Amino acid sequence: MDRKLTELVSRLKEAAGKNLESVVLYGSAATGAYRPGSSDLNVLCTLVTMDVHELQLLSPVVLWWTHEEKEPPPLFF
C-alpha cells in the first residue's frame with residue numbers, strides 16, 4: 001500500500017507541479033481498516049486551479065492508477 005501511494009504522489013507532483021496543493025487519503029486505509037486484496041485506496045487531490053488543460057496533464061496518472069493499479073479514480077477539487 002505504501003509503495004502504491006508513494007508512486008501516486010510522485011506521479012501527481014510530476015504531472016501537476018505547483019498546481020497540486022494536497023493529496024489526502026480517506027476511507028478504510030486512513031482509518032486503519034484497510035484489507036489488502038479487498039479494500040480500495042481512496043484519494044482526494046486539491047489543485048490551485050482546475051481546468052481542462054490541468055486535467056489533461058493529470059489524465060495519464062489517473063489512467064495508470066485506475067487501469068494498472070486497479071484503484072478508484074482520485075477525486076479532484
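Buried residues are those with under 20% relative accessible area. The views below are taken from a predicted model.

View 1. From its side chain, Ser39 reaches the backbone nitrogen of Arg35, at 2.8 Å. When neighbours within four places in sequence are set aside, the residues in contact with Ser39 are Ser28, Ala33 and Tyr34.

**View 2. The largest nonpolar core.** This core comprises 16 residues, and Leu8, Leu12, Trp65 and Phe76 have the most contacts inside it. Two or more residues come from each of helix 1 (2–16), strand 2 and helix 3 (52–68). The greatest contribution is that of helix 3, which supplies five residues. In soluble globular proteins, nonpolar side chains tend to be buried together.

**View 3. Contacts of Leu8, one of the core residues with the most contacts inside the core.** With residues up to four places away in sequence not counted, Leu8 touches Val43, Val61, Trp64 and Trp65. Trp65 is also listed among the residues with the most contacts inside the core.

**View 4. A nonpolar surface patch made by Tyr26, Leu75 and Phe77.** The patch covers about 300 Å². Tyr26, one of its members, lies in strand 1 (residues 20–26). The relative accessible area of Tyr26 is 34%, so this residue is classed as partly exposed.

Notes
Residues numbered from 1 in each chain as written. Predicted model: local features only at pLDDT ≥ 70, side-chain atom pairs only at ≥ 80, totals over all residues. Heavy atoms only, no water. Polar contact = N/O pair within 3.5 Å; in protein donor to acceptor, adjacent residues only side chain to side chain. Contact = heavy atoms within 4.5 Å. Patch = residues over 30% accessible without salt bridge, like charges linked within 9 Å, V, L, I, M, F, W, Y side chains within 5 Å. Areas by Shrake-Rupley, 256 points an atom, 1.4 Å probe, with all protein chains shown as cover. Salt bridge = Lys/Arg side-chain N within 4 Å of Asp/Glu carboxyl O. Helix = DSSP H or I, 4+ residues; strand = E, 2+ residues; numbered from the N terminus. Buried < 20%, exposed > 50% of the residue type's maximum accessible area, 1.4 Å probe, protein only. Core = buried A, V, L, I, M, F, W, Y, C linked by side-chain atoms within 4.5 Å.
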